[in-house]
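Subject: Structure for you to look at

Dear colleague,

I am passing on the structure below, together with notes on what was found in it. Please read them alongside the coordinates.

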Amino acid sequence: MLDDDTVLSLANIFKTLGDATRMKIIYSLMLRELCVCDIAAVINASESSVSHHLRLLRTQKIVKFRRDGKVLYYSLDDDHIVSLIKEGLDHVNE
């Protein structure tokens, strides 16, 4: 059986993924690294909203960033996230 901390961590990841805007951000980042302004343009959202969602995604270690001067570029944290999303898409598309 899983311990309570593990169950809570797993539930929090799925809770974070359970938002349409965050899913759009994650899917965009599956394609390539983007800055906040580019993500906002791609998903048709405000930069403020995107920044808020990215903060939540960073907290769960779903996305990471690198700094280039004053600009932060976001990407998915690791291949586990890509696999998780692809499995979800396969399930949805069956």
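Read along the sequence, the chain follows the pattern α-α-β-α-α-β-β-α, which amounts to five helices and three strands. Please keep in mind that this is a predicted model, with a mean pLDDT of 95 for the protein chain and 100% of its residues at 70 or more. Within the chain, confidence is lowest in helix α5 (residues 79–93), where the mean is 93, and highest in strand β1 (residues 34–35), where it reaches 98.

As for overall dimensions, the C-alpha atoms fill a box of roughly 45 × 30 × 20 Å, taken along the principal axes. The chain exposes about 6,600 Å², of which carbon and sulfur atoms supply 53%, while buried residues make up 26% of its 94 residues.

One helix pair was examined in detail. Two packed helices are described by the angle between their axes and the distance between the axes. For helix α2 (residues 20–31) and helix α4 (residues 47–59), the axes come within 10 Å and cross at roughly 80°; since angles of 65 to 115 degrees count as roughly perpendicular, α2 and α4 are therefore roughly perpendicular to each other. On the α2 side the contact is made by T21, R22, I25, I26 and L29, and on the α4 side by V50, H53, L54, L56 and L57. Sorted by class, this contact of α2 with α4 has seven nonpolar residues, two polar ones and one charged one.

Is S28 buried or exposed? With a relative accessibility of 6%, S28 counts as buried, because the cut-off for that class is under 20%. Leaving aside residues up to four places away in sequence, S28 touches L34, V42 and I43.

The second residue, K61, has its place in the loop between α4 and β2 (63–68). Its relative accessibility is 61%, and K61 therefore counts as exposed, the cut-off for that class being over 50%. K61 and Y73 are twelve residues apart along the chain, and their C-alpha atoms are separated by 15 Å.

With best regards

Technical notes
Residues numbered from 1 in each chain as written. Predicted model: local features only at pLDDT ≥ 70, side-chain atom pairs only at ≥ 80, totals over all residues. Heavy atoms only, no water. Axes fitted to C-alpha atoms, helices over the stretch in contact; angles between N-to-C directions. Helix = DSSP H or I, 4+ residues; strand = E, 2+ residues; numbered from the N terminus. Parallel < 35°, antiparallel > 145°, perpendicular 65-115°, else oblique. Contact = heavy atoms within 4.5 Å. Nonpolar A, V, L, I, M, F, W, Y, C, P; charged D, E, K, R; others polar. Buried < 20%, exposed > 50% of the residue type's maximum accessible area, 1.4 Å probe, protein only. Areas by Shrake-Rupley, 256 points an atom, 1.4 Å probe, with all protein chains shown as cover. pLDDT = per-residue confidence, 0-100.
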